Every structure is written in structure tokens, then in C-alpha cells.
Amino acid sequence: MARALKVEESQIVLLLDAHRIDSRTTKNQRLDISCHRNRLQLQINGLVQTMATFVGADWDNGLDACEHGDSGSDEDGTFITVSPGNAEHAILPLPSYIGLPWCGALELNGLIEEELQLRQGQANDALHEIQLALADKAVLFCTEVQHGRNYAVTTCAWKKVSDLDTLVKRYSMIYNWCQKQMVALGADQSILDQYQILNKKDLTVSTMVSDPNARGHCHDSLAWFWTMDIPKDTNKNDWMSECKLCNLQSYIST
């Protein structure tokens, strides 16, 4: 099941890459996407064969089409409609895709709780990567972007910012899809209260640090996930600790 979640993340990454194809995309880039799609299809075929071995070849009968989409692109969490036929749109043999009623018919109820626990770990990993990328972006703005000595340095700094934006978008999409699947698994409200939907306004980064002696501003503008000690080791990261001590005033959207 853990392998299936990794395949799902590869689907999301491939979907983002394929969505960026336009007239400026080179032949090599298109070839890379095609190779990625073929490798992913082989992995999915392996998962499906394993599922068929234990459950039967008709495990996917009657399943509704399941759509991946850019859940991090809009503040309301709307998913982009996609057309089936490629590996990035395949339905995986997981309870959250199969559906709770069909899992009951296939006697797979025991896997529902297992996937829900794995989903929470997946969500923690994605949120941690988002924290790292946003913290790096804040440092870049305060050091290289704002204090670039010449055009070349500034251009290089903005390229780093763009790369971090790509990472934030990738992991926010993975997280929001994971959160959506938690709902499909019937997660109780206490879990959904902890793992909220990420909106665009949550994925912002500070460029200024307020007066440390000011009162009434501690954490008043930080997104909800900044107060979570996700990996249980954030105290080991000096720059993360410093970032959390900073009282933030102005924001730049990713």
C-alpha cells in the first residue's frame, strides 16, 4: 500500500509536468515526459496485477472515474477536469479510490484504517517539505533577492525562487490530494480538523521581520500548518527555529 502511495505521488508530478507542455517545450522535454509515463504505467500494471491476485480481476468493476487535478491552484480547492487514457489518470487499487461500499463487498475493510494511517504520514511529509521550501524562499528574499549586487546575481536568485515555487506547488498538490482521499476514507472530524485544506493564501512567505518588541502579533498571520511540529525534530533546524521566532508583517504570494 505504501508503494501505491508513492506511485500516486508520481502521478501527480507527471500531471504537473504534462500540464506545462506548450509550444516552447523542447523535444527532449516531451521525450522525458513520455518515458516517465511509460515507467509509471509499468508500476501501475504491477499494482493492478497484485490486487487481482488477492481480490480478483474484477476489483475495479463499477468504479467511477477518479480525476487528479491541481488542488493547490485555486483557493476553493477546485480540481481540474482531465481526460483519461494516460498513466497519470489511472485509478489505483487503494480503498480511497475503490470506495468504502465496494471495499466492504470485496472484504477489504481492514485496509481502510491502514491506508488512513499512511495518508496521515504522507500528509506530514508533504507539509514538512512545504515548510522547508517556504523557509528557504524567505531566506532568499531577505538575502540574495533584496541585496543582489548586480543583474546576474539577482537573476540567479529569482531562478532559485522559481524552483522553490515549483516545489511548493508540487507538495501542496500532493497534500491536498491526500487530504481529499482522507475524506473518501471516512476520516473522523478530529483528523480533518488537523489536516485542513491548503489554500493559495496559506502558501505565502514573509520578506520583512517586525519589531521584536511589538506586542500582539505573535503568529497572528501565520498559516495553520506553521504551528504543527510535523516531523517532531524542528528544534534541530536552527534556521527553522529562527524563522518561527520571527514576527511576520508583509507577504508575497507564491
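Are Tyr97 and Trp177 buried or exposed? Both residues are buried, where buried denotes under 20% relative accessible area, exposed over 50% and partly exposed the range in between, with a 1.4 Å probe and protein chains only.

The model is predicted; local features require a pLDDT of at least 70 and side-chain atom pairs a pLDDT of 80 or more, while totals for chains, interfaces and linings use all residues. Residues are numbered from 1 along each chain as its sequence is written, and side-chain values use heavy atoms, with hydrogens and water left out.

**Figure 1. Overall architecture of the predicted protein.** The protein has eight helices and two strands, arranged from the N terminus as α-α-α-α-α-α-α-β-α-β. These elements are DSSP runs numbered from the N terminus (helices: H or I, at least four residues; strands: E, at least two). Of the 254 residues, 40% count as buried. Contacts are defined by heavy atoms within 4.5 Å; among those between residues at least 6 apart in sequence, 76% join residues at least 24 apart.

**Figure 2. Helix 1 and its cover.** The 18 residues of helix 1 should span 26 Å at 1.5 Å a residue, and the end C-alpha atoms are 26 Å apart, which agrees. The expected span is 1.5 Å times one less than the number of residues. Buried residues of helix 1 include Leu5, Glu8, Ile12 and Leu16. Among the elements covering the buried residues of this helix are helix 2, helix 3, helix 5 and helix 6.

**Figure 3. The largest nonpolar core.** This core has 57 residues, and those with the most contacts inside it are Leu127, Tyr175, Met182, Tyr195, Leu198 and Phe225. At least two core residues come from each of helix 1 (2-19), helix 2 (27-54), helix 3 (95-98), helix 5 (109-145), helix 6 (151-184) and helix 7 (189-194). Helix 5 supplies the largest share, 12 residues. A nonpolar core is a set of buried Ala, Val, Leu, Ile, Met, Phe, Trp, Tyr and Cys residues joined through side-chain atoms within 4.5 Å.

**Figure 4. Aromatic pair of Tyr97 and Trp177.** The search of the whole structure finds four aromatic pairs. Tyr97 and Trp177 form a tilted pair, 6.4 Å centre to centre with 40 degrees between the planes. Because Tyr97 lies in helix 3 and Trp177 in helix 6, the pair ties together parts that are 80 residues apart in sequence. Rings of Phe, Tyr and Trp (its six-membered ring) pair if their centres lie within 6.5 Å; planes under 30 degrees apart count as stacked, over 60 as edge-to-face and the rest as tilted.

**Figure 5. Surroundings of Tyr175.** Tyr175 and Trp224 are both buried. Not counting residues up to four places away in sequence, Tyr175 touches Ala123, Ala126, Leu127, Tyr195, Gln196, Leu198 and Trp224.

**Figure 6. Helix 6 and the residue beyond.** For the 34 residues of helix 6, 1.5 Å a residue should give a span of 50 Å; the end C-alpha atoms are 49 Å apart, which agrees. Just after helix 6, Gly186 takes a positive phi of about 80 degrees.

**Figure 7. Confidence along the chain.** The average pLDDT is 76, and 72% of the residues score at least 70; pLDDT is the predictor's confidence in each residue, from 0 to 100. Confidence is lowest in strand 2 (residues 251-253), at a mean of 38, and highest in helix 7, at 93. Where pLDDT is low, the predicted coordinates should not be read in detail.
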